[in-house]
Amino acid sequence: MASEEASLRALESLMTEFFHDCTTNERKREIEELLNNFAQQIGAWRFCLYFLSSTRNDYVMMYSLTVFENLINKMWLGVPSQDKMEIRSCLPKLLLAHHKTLPYFIRNKLCKVIVDIGRQDWPMFYHDFFTNILQLIQSPVTTPLGLIMLKTTSEELACPREDLSVARKEELRKLLLDQVQTVLGLLTGILETVWDKHSVTAATPPPSPTSGESGDLLSNLLQSPSSAKLLNQPIPILDVESEYICSLALECLAHLFSWIPLSASITPSLLTTIFHFARFGCDIRARKMASVNGSSQNCVSGQERGRLGVLAMSCINELMSKNCVPMEFEEYLLRMFQQTFYLLQKITKDNNAHTVKSRLEELDESYIEKFTDFLRLFVSVHLRRIESYSQFPVVEFLTLLFKYTFHQPTHEGYFSCLDIWTLFLDYLTSKIKSRLGDKEAVLNRYEDALVLLLTEVLNRIQFRYNQAQLEELDDETLDDDQTEWQRYLRQSLEVVAKVMELLPTHAFSTLFPVLQDNLEVYLGLQQFIVTSGSGHRLNITAENDCRRLHCSLRDLSSLLQAVGRLAEYFIGDVFAARFNDALTVVERLVKVTLYGSQIKLYNIETAVPSVLKPDLIDVHAQSLAALQAYSHWLAQYCSEVHRQNTQQFVTLISTTMDAITPLISTKVQDKLLLSACHLLVSLATTVRPVFLISIPAVQKVFNRITDASALRLVDKAQVLVCRALSNILLLPWPNLPENEQQWPVRSINHASLISALSRDYRNLKPSAVAPQRKMPLDDTKLIIHQTLSVLEDIVENISGESTKSRQICYQSLQESVQVSLALFPAFIHQSDVTDEMLSFFLTLFRGLRVQMGVPFTEQIIQTFLNMFTREQLAESILHEGSTGCRVVEKFLKILQVVVQEPGQVFKPFLPSIIALCMEQVYPIIAERPSPDVKAELFELLFRTLHHNWRYFFKSTVLASVQRGIAEEQMENEPQFSAIMQAFGQSFLQPDIHLFKQNLFYLETLNTKQKLYHKKIFRTAMLFQFVNVLLQVLVHKSHDLLQEEIGIAIYNMASVDFDGFFAAFLPEFLTSCDGVDANQKSVLGRNFKMDRDLPSFTQNVHRLVNDLRYYRLCNDSLPPGTVKL
């Protein structure tokens, strides 16, 4: 024994040294290597068995168990059967002897090791594995241990990891399903016994304030008075041991429910018992009694009791999340809902001692989360199923959900409840759309609930009603591009909008008066403005008045956003019916924006500038944004009145322009300036009134933008204003015939606008880069940046418009485009400039290539092909970082547009484009791990094949008639093969996005052009691709794409199933290393000759799984093992 004793002492000191603070990393590596070598020895497990029974050192025990785990999961096949028997008998004995004294993490690990043995050997060699677990559960002394074993078994055997063969996985699942009824019966028994035992001894509670509850709102939910009485029993107070057993039993149930199908095994008595325990989460009275009695008895704290409630709700939610409900289970489901809504009623009950909110605050946060999850699952998965039950009162349920929502103690809880309402409103909307005949009946049923919801959500976004909560929201930090406050507002407004869609009149009459009230305050500020030495000042100084003004302005800003969000419900078919409401809103908005611009509220001095100034700017910006939201309504109004240009419409537009113009200035804050610019763009683009250009305010903007001496606006604003002015001149006026469009005049005006905008740019010479240049390089770059950003935006916005608009646009731009082409070679080594120039050319190619004409387009392409030599490409990709790569990517994008062009015009460029891809770009990037440029290159190759198939495959009608099937002549074969080889190579690289994209491209070429059926592919490439894809599955390198890869393998194999089964599969198995001949033949036999997609892909995944499993087994055999 001495050697074992000595080894144990050595191991203990090594472990202590390993985890000591002073041990260096170098020494830790040495110790690790030593321990690994020890674990690899045959028979090391005997030492570990001794260590486990003789040491109290946690590290040593954990190490010993890891050795066992490794032995069982990786080397079990090679362990002699005598040793296996010994291990199977010793480890459970060890567990039984020490489970009470072992630290919980060691005990759980030991359980897992024993379950691992069961996973390998039950029932053939370890027939009493499961029986032992059931016996442990049934013996009171070992019930907790049995439950831990059961949960571990459910985790490890029901959905085992992939180190088992598919056949074994299926066998284990079947074995476990056979045991489900017994196990559920045992668990029900345990929970019922604990409940009954403690219910008897529970002290009679004081007269309960909830004793009248069963006759309440939901009494008709619980059909039988007995179930109501059952759920009204006082909750027992458990001792620590009982609480522990119940929590283990509930954890087991939750895991079992995650994989067993809904069936009669889940009995009504089990469900009722789970609900009893769900009450632990919402019974505050019992918690308080527990804390009072806690000092004298061995009682569980309130928090522990809450945990039982959380676990019970987890079980309920596992059942709820199953969408597929067998007929016989529907009744159980109804019973579950009835019981949960009883709990919901309990949680949201008002009584004198508690408001609903303070009751919710006292509950465990995770319990509330689970409860909200339940409600979400109910509405999203089961509402349509349950709503038809006459005995289920949906309206009463909504009343409870309403109380639950608006008394949530946390913002996150409130957001989650708003999500549930959104799901409910979506359900109602789709129900009404599918049954238009019942629309009135459905709406009448829910109208009161919806109006109540709308009013309350609107109150929640106003400081007037909800200041304390709203001030807690963060409006500074961005998360997912929005602050907490913006998210709160956005989610609330979505609910408002969905109610508006269902009940437009109600929603409008609820919202508009509230907006009016806040507008009165805002419009009344004028009387408090006084002139001071430095300008205008707002004469409101009392702290209380400032605070009230701040709240009113914040509310006005939110309500303006609400009104803007509802704009879409006034247009289309309902335009005429809701015209007056919409006109009222738009007139108010126009009045408010003009008022803000005229009295220049954005420049006014206030008593608390850090608060009130941003508020005033925000209200002004939001009023412009809300008006912009009504631009589609204005456009419809415009088309209704276009013949008789009514004064009312003209006034609306010209007053809006009077509100916008003063804001287009460098003295105005960006937020406000951009809101004004966006509104101007919408007037020019969406509304397009004929008279827009003749309004003096618009003329003023034209003059300001074309005046060389005026200060330039910030980039974004400058681009927007130029877009608006260009669109006023270029876009056709709606409802007017071609001969009334005044194109000649508009064309001249557009040319002079572009001429003014590009004045400095057109004066640049290619020598601007030369050492003896007149102007500093940075100034030149700035001119290029400023001009191209404006011109590119103008082209992009015109690209989808009529031919006439694009023609005029290109005529105005022609000179700037030629200057750009002349400048391009001079700036080829300045990647930031090249990037902007290529962006501009890419936009031109996408939008105006027809207008540019063939000769000039050819000249551009030729210039680019000449400039991007191999050296230049290498410099850009390898040495200039991300900007250089972006330049090459944009160049490839331009070529993508070129190769997609139908007709013969650009076909002469194909050879040089393919050569550029395959001989210049591809060799540079092929071996680089970085994904830069690759995606664009492969897209270009795909587009080249897809749009120029006949460049490679010449199909003749005659050939197809003669042979019955077209066997095309092949042309440019070397280029085609090189492209295919590049695709094949890309599947060997780790980048999953590229892999997914390229697989999709191949599949598309097969769908559209029958790629896999072509002779060259069938004979020379097909099975190489299948081989690569199978290897990828075996290596698990792109596991997220398992499904897509399986389908691609099927599509390739289906071209020649006979070849796949007869030649490829045997050959593939022969070439597999790490498996013996017998295993290969089993793999071959298991691959059934199914030719339908689901069975075939299942066979592929089975082959891959079992191949990996066999390799794992073979690696675990001791060296020198003779395999027969």
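The side chains of Glu501 and Lys433 meet in a salt bridge, with 3.8 Å from N to O; the term stands for a side-chain nitrogen of Lys or Arg within 4 Å of a carboxyl oxygen of Asp or Glu. Glu501 lies in helix H22 (residues 484-502) and Lys433 in helix H19 (residues 411-434), so this pair ties together parts that are 68 residues apart in sequence. Helices here are DSSP runs of H or I with at least four residues, strands are runs of E with at least two, and both are numbered from the N terminus. Glu501 is partly exposed at 35% relative accessible area, while Lys433 is exposed at 58%. For these words, buried means under 20% relative accessible area, exposed means over 50%, and partly exposed is in between (1.4 Å probe, protein chains only).

A word on the model before going further: it is predicted, so local features need pLDDT of at least 70 and side-chain atom pairs count only at pLDDT 80 or more, whereas totals for chains, interfaces and linings use all residues. Residues are numbered from 1 along each chain as its sequence is written, and side-chain values use heavy atoms, with hydrogens and water left out.

Searching the whole structure gives 41 salt bridges. Among them is the pair Lys890 and Asp835, whose closest N and O atoms are 2.6 Å apart. Lys890 belongs to helix H39 (residues 881-900) and Asp835 to helix H36 (residues 831-852), so the two tie together parts 55 residues apart in sequence. Both ends are covered: Lys890 counts as buried at 18% relative accessibility, and Asp835 is buried at 8%.

Lys954 and Glu971 form another salt bridge, at 3.7 Å from N to O. This pair links distant parts of the chain, 17 residues apart: Lys954 sits in strand S3 (residues 953-954), and Glu971 in the loop between strand S4 (969-970) and helix H44 (973-986). Lys954 counts as partly exposed at 33% relative accessibility, and Glu971 is likewise partly exposed at 31%. Elsewhere, salt bridges that share partners join Glu69, Lys109, Lys112 and Asp116 into one network.

| Salt bridge | N to O distance |
|---|---|
| Glu501 and Lys433 | 3.8 Å |
| Lys890 and Asp835 | 2.6 Å |
| Lys954 and Glu971 | 3.7 Å |

**Backbone details in loops**

Trp122 and Pro123 are joined by a cis peptide bond, with omega about 0°. Pro123 is placed in the loop between helix H6 (104-121) and helix H7 (129-138).

Asn735, a residue other than glycine, has a positive phi near 65°. Its loop runs between helix H31 (715-730) and helix H32 (743-757), and Asn735 is partly exposed, with a relative accessible area of 40%. Lys1010 also has a positive phi, of about 60°, although it is not a glycine. You will find Lys1010 in the loop between helix H45 (992-1009) and helix H46 (1015-1020), partly exposed at 44% relative accessible area.

**A mostly covered helix**

Helix H27 (residues 631-641) has 8 of its 11 residues buried. Which ones are they? Ser631, Trp633, Leu634, Ala635, Gln636, Tyr637, Cys638 and Val641 are buried in H27. The cover over the buried residues of H27 includes helix H25 (579-598), helix H26 (609-629), helix H28 (647-660) and helix H29 (670-687), where contact means heavy atoms within 4.5 Å.
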